[in-house]
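I opened the model to look up its aromatic rings first.

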Amino acid sequence: MLEFRYDTQLLIEGEGLDEDKIHDYFTDNFKGDCLIAVGDEDLIKIHFHTNEPWDVLKYCAGLGEIYDIVIEDMERQSRGLKG
């Protein structure tokens, strides 16, 4: 069994985005691992393993428009099922 079940990926489009602040918010407020928050002031790519992807979506939606959202259940994938 995985400690963090959901592979959560998305793009945030907005103005004045700060990848360092977003990264710090994740590490301070969400339980998870494998965090990647990269981009520029207009577009940030997020990759994060968590058990609460809905909290990630809610936070990111407050920063700008979110799209290309992918949430995969890695536990199902490990059993050979579609995520």
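**Aromatic pairs.** I searched the whole structure and found seven aromatic pairs. I counted rings of Phe, Tyr and Trp (its six-membered ring) as a pair if their centres lie within 6.5 Å; planes under 30 degrees apart are stacked, over 60 edge-to-face and the rest tilted. I looked up phenylalanine 26 with phenylalanine 30: the ring centres are 5.0 Å apart and the planes stand at 75 degrees, so I logged the pair as edge-to-face.

**Basis.** This is a predicted model, where local features need pLDDT of at least 70, side-chain atom pairs count only at pLDDT 80 or more, and totals for chains, interfaces and linings use all residues. Residues are numbered from 1 along each chain as its sequence is written, and side-chain values use heavy atoms, with hydrogens and water left out.

**Burial.** Phenylalanine 26 has a relative accessible area of 0% and is buried. Phenylalanine 30 is buried as well, at 16%.

**Next ring over.** Phenylalanine 30 also pairs with phenylalanine 48: centres 6.5 Å apart, planes at 50 degrees, so this pair is tilted. Phenylalanine 30 sits in the loop between H1 and strand S2 (32-39), and phenylalanine 48 in strand S3 (residues 43-50), so the pair ties together parts 18 residues apart in sequence. Helices (H or I, at least four residues) and strands (E, at least two) are DSSP runs, numbered from the N terminus. Phenylalanine 48 is buried, like phenylalanine 30.

**Helix packing.** I then took H1 (residues 19-29) against H2 (residues 53-61): the angle is about 150 degrees, with the axes 12 Å apart. Axes are lines fitted to C-alpha atoms, for helices over the stretch in contact, and angles run from 0 to 180 degrees between N-to-C directions. That makes H1 roughly antiparallel to H2 (over 145 degrees; under 35 is roughly parallel, 65 to 115 roughly perpendicular, the rest oblique). Lys21, Ile22, Tyr25 and Phe26 in H1 meet Val56, Tyr59 and Cys60 in H2.

**Valine 56.** Which residues does valine 56 contact, leaving aside its neighbours within four places in sequence? I listed Thr8, Leu10, Phe26, Phe30, Phe48 and Thr50; contact means heavy atoms within 4.5 Å. Valine 56 is buried, at 0% relative accessibility. Its C-alpha atom is 8.1 Å from that of threonine 8, 48 residues away along the chain.

Technical notes:
Buried means under 20% relative accessible area, exposed over 50%, partly exposed in between (1.4 Å probe, protein chains only).
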